[in-house]
Structures are given as structure tokens and as C-alpha cells.
Amino acid sequence: MLKADLHVHSNYSYDCLNRPEDIIRRCLDTGVNCIAVADHGTAEGALKIQQMAPFQVIIAEEIMTPHGEVMGMFLKESVPNKIPFAEAISRIREQDGLVCVPHPFDKPNRHGLGRKNLEQFIDDIDIIEVFNARSPLPWFSKTSLAAADKYGKAKSAGSDAHTINEIGSTYIEMPEFCDKNDFLTALEQGKIHGRITNPFVLLGSSWARIRKVM
């Protein structure tokens with residue numbers, strides 16, 4: 001079985017200082033043996049970590065659109081940031097990737113897609129993130145889970161780690177998989193373990209943004 005944290009950031013994100021080697025060390029220390037590295041606007045960090053890690057790494061990316069964020073999974077290269085939602089989906093599909101919606105109801109500060117946009121694009125969505133450890137209120141997760149059940153979408157979860165110690169705070173216990181189709185099947189059998197992160201960790205993201213402009 002895998003202990004999979006399906007939403008992790010590296011120092012390739014503008015608001016994160018997690019070095020690839022430190023991410024790998026943290027995973028080994030906590031028994032996490034599968035991660036999706038989903039940096040903001042780039043897949044470069046995920047590609048690098050995949051080359052280094054002795055465990056499974058899913059190449060992912062959080063892409064900002066005018067409607068909110070969308071996550072491409074099983075990518076081969078970066079998708080441009082700040083493009084229309086429909087174009088982001090098209091770019092993900094061109095790479096034979098999966099379309100995941102992270103923290104869909106976390107608005108406005110967390111760039112969630114929101115109910116109206118989720119319903120508009122639901123036919124193009126493969127996965128809904130139903131638990132994100134950085135979502136501050138249980139209502140966000142409950143609403144995401146209800147939407148995934150309503151529309152029959154696969155359910156994902158992750159720490160959304162922007163600091164090292166967050167990695168593994170949320171994970172899915174799930175069977176091993178070898179490709180994106182196996183991944184979707186494995187998610188159906190997965191069990192989510194997680195807790196809401198202490199809001200003070202958000203200061204780590206703020207500090208990272210400051211450090212990167214100094």
C-alpha cells in the first residue's frame with residue numbers, strides 16, 4: 001500500500017522554500033512513499049524531484065486561470081500560467097494528463113474554482129480534491145466531498161505543504177499503481193487520513209515570498 005500525499009510544493013513555487021532533497025528526506029522519515037508535486041505555474045520542480053526520489057512522484061502543476069486554480073497531474077512538461085480554464089484543460093489533455101480541481105470551494109484568498117465554475121466545467125474534470133490540510137474550515141472539505149459524490153468524480157487529498165513539516169500531515173492510504181488509469185482505480189479504494197494544518201504555518205508561505213524578492 002502507498003502512503004500518498006497528493007499535493008506538495010517545492011522551492012520552484014513562488015511561495016515555498018522546500019528544497020527537493022529536504023522533501024525527499026521528509027518523505028522517507030514519515031513513511032510517505034508517493035507524492036504529487038504541484039508547484040504554482042511550473043512542473044520543473046516535480047520533474048527534478050522525480051529524478052531524485054526513490055519513491056513514486058507524480059508530475060503535477062497548479063495552474064492559475066481567471067476562474068481559479070486547476071491542477072494537471074501526470075504531466076510531461078509545464079503548462080503556462082494565467083491562461084483561460086478551457087485552455088488549461090486542453091494543455092493538460094494534450095499531455096495525456098488528468099484534470100484535478102484543488103480546494104474548489106476555498107475562495108477568495110485560495111483561488112478556489114467555486115461552485116458555479118465547477119459545475120460549468122464538471123465534464124472536463126477527473127478528480128476533485130476533497131481534503132486539503134490548508135483549507136481553514138471543515139465546511140470546505142465537506143462541500144468538496146459532497147460535490148465529488150454528486151458528480152461521480154475521483155477523490156484526492158493532500159497536505160498542500162509549503163513547509164517541510166507539513167508533508168505527510170494528510171495522505172491517502174491506497175493501492176500501488178503504474179499509470180494514470182491505475183491511479184484513478186486506486187483512488188477509489190483509498191482511505192484519507194488528515195488534519196487541518198495550524199493556520200500559523202501560512203506565515204511560512206509569506207516568509208518564502210519575502211525571501212524570494214530580497
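1. The charged end of Lys3 sits over the ring of Tyr171, 4.7 Å from its centre; a charge counts as sitting over a ring if NZ of Lys or CZ of Arg is within 6 Å of the ring centre and within 35 degrees of the ring normal. The model is a predicted one, in which local features need pLDDT of at least 70 and side-chain atom pairs count only at pLDDT 80 or more, while totals for chains, interfaces and linings use all residues. Residues are numbered from 1 along each chain as its sequence is written, and side-chain values use heavy atoms, with hydrogens and water left out.

2. Nine strands make up an open sheet of mixed pairing, in the order 7-6-5-4-3-2-1-8-9. Helices (H or I, at least four residues) and strands (E, at least two) are DSSP runs numbered from the N terminus, and two strands pair if DSSP finds at least two bridges between them. Strand 7 (154-158) and strand 9 (191-193) stand at the edges with a single partner strand each, so one side of each is left without a neighbour in the sheet.

3. Strand 5 (residues 98-101) runs antiparallel to strand 4 (residues 68-73), to which three bridges join it, and parallel to strand 6, with two bridges. Val99 is the bridge partner of Gly72 and Cys100 that of Met71, while Cys100 also stands opposite Ile127 in strand 6. In a regular strand the side chains alternate between the two faces of the sheet. Here Leu98 and Cys100 point one way from strand 5 and Val99 and Val101 the other way, and all are buried, where buried means under 20% relative accessible area, exposed over 50%, and partly exposed in between (1.4 Å probe, protein chains only).

4. In helix 1 (residues 20-30), the buried residues are Pro20, Asp22, Ile23, Ile24 and Cys27. Their cover includes strand 1, strand 2 and helix 2. Gly31, which follows helix 1, has a positive phi, near 80°.

5. Six aromatic pairs are counted, taking rings of Phe, Tyr and Trp (its six-membered ring) as paired if their centres lie within 6.5 Å, with planes under 30 degrees apart stacked, over 60 edge-to-face and the rest tilted. Phe105 and Trp139 form an edge-to-face pair, at 6.3 Å centre to centre and 70° between the planes. This pair links distant parts of the chain, 34 residues apart, with Phe105 in the loop between strand 5 and helix 4 (115-120) and Trp139 in helix 5 (residues 138-151). Phe105 is buried, at 8% relative accessible area, whereas Trp139 is partly exposed, at 48%.

Conventions
Contact = heavy atoms within 4.5 Å.
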